[in-house]
Amino acid sequence: MPRTILWAWERPEDLTFADPSEFGVAFLAQTIHLSGSDVIYKPRRQPLAVSPGAYVIAVTRVETAKETSARPTLDSDLAVETASLIVSTMELPDVRAVQVDFDAVVSEREFYSRLIATIRSRLPVETPLTMTALASWCTGDAWFNDFPVAEAVPMVFHMGADSDKVRTFLKNGNDWREPLCRGSYGLLFGSSDDLKIVPGRRIYYFKDSAWRPSDLRALR
């Protein structure tokens with residue numbers, strides 16, 4: 001897996017200019033919404049183009065209904081059905097790894113643990129399974145340290161109320177307390193120059209608009 005990964009979210013993306021020896025691509029393959037006992041599946045609608053040989057990671061965004069009447073059951077059947085959809089992204093062109101993006105609240109953590117274990121058991125042993133992690137999860141609340149994932153990518157952007165706290169934490173040279181978070185960073189393109197990050201780690205870059213060749217020159 002390359003040391004620099006470009007997140008490609010739900011918009012048209014042409015990344016054929018990205019050298020596959022330097023850059024991997026983690027693209028939003030689908031969004032899954034859990035409501036009651038229902039698993040509502042929304043596949044990617046926007047085109048994506050990558051260079052031949054690119055290291056491609058299929059990302060699944062998991063969301064849950066917040067209304068009391070529609071709160072998901074979070075039972076084993078829901079985990080199995082959700083896991084099956086996530087594993088199916090391996091069938092998409094050029095995909096070599098799978099990533100789960102789920103901002104689980106405290107009441108959803110047990111379900112998330114079951115979901116990750118089910119995904120891992122259904123993937124080929126050589127296929128990396130990764131997850132995103134809220135930056136606050138990586139600074140002290142080590143509730144996911146037994147997850148069978150290759151890495152948890154701390155998202156150091158769009159952090160809401162935790163933004164100032166986390167940025168100060170990193171500016172002061174601190175490292176993530178959760179070991180699974182110590183392999184990578186998830187950064188917003190163009191807004192992380194003031195952070196002290198540990199050299200040699202994998203960097204995932206997110207951008208709020210389509211990637212351009214000049215962006216990759218800036219990353220270099």
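Select Asp38, Asp75, Asp77 and Glu81: these residues form a patch of negative charge on the surface. A patch takes residues with over 30% relative accessible area and no salt bridge, with like charges joined within 9 Å. A salt bridge would be a side-chain nitrogen of Lys or Arg within 4 Å of a carboxyl oxygen of Asp or Glu. The model is predicted, and local features need pLDDT of at least 70, side-chain atom pairs pLDDT 80 or more, while totals for chains, interfaces and linings use all residues. Residues are numbered from 1 along each chain as its sequence is written, and side-chain values use heavy atoms, with hydrogens and water left out.

Stay on Glu81, which lies in helix H1 (residues 76-87); a helix is a DSSP run of H or I of at least four residues, a strand a run of E of at least two. Glu81 has 39% relative accessibility and so counts as partly exposed (buried is under 20%, exposed over 50%, partly exposed in between, with a 1.4 Å probe and protein chains only).

Next, the aromatic rings. The structure holds 16 aromatic pairs (ring centres within 6.5 Å; planes under 30 degrees apart are stacked, over 60 edge-to-face, the rest tilted). Select Trp9 and Phe206, an edge-to-face pair at 5.9 Å centre to centre and 70° between the planes. Trp9 sits in the loop between strands S1 (4-8) and S2 (13-15) and Phe206 in strand S11 (residues 202-206), so the pair ties together parts 197 residues apart in sequence. Phe206 is buried, at 10% relative accessibility.

Finish at Trp143 and Phe144, both buried.

Technical notes:
Patches are made of residues with over 30% relative accessible area and no salt bridge: like charges are joined within 9 Å, nonpolar side chains (Val, Leu, Ile, Met, Phe, Trp, Tyr) within 5 Å. Accessible areas come from the Shrake-Rupley method with a 1.4 Å probe; for residues, only the protein chains shown count as cover. Lys and Arg count as positive and Asp and Glu as negative; His and the chain ends are not counted. The place of a charge is taken as NZ of Lys, CZ of Arg, CG of Asp or CD of Glu. Rings of Phe, Tyr and Trp (its six-membered ring) pair if their centres lie within 6.5 Å; planes under 30 degrees apart count as stacked, over 60 as edge-to-face and the rest as tilted.
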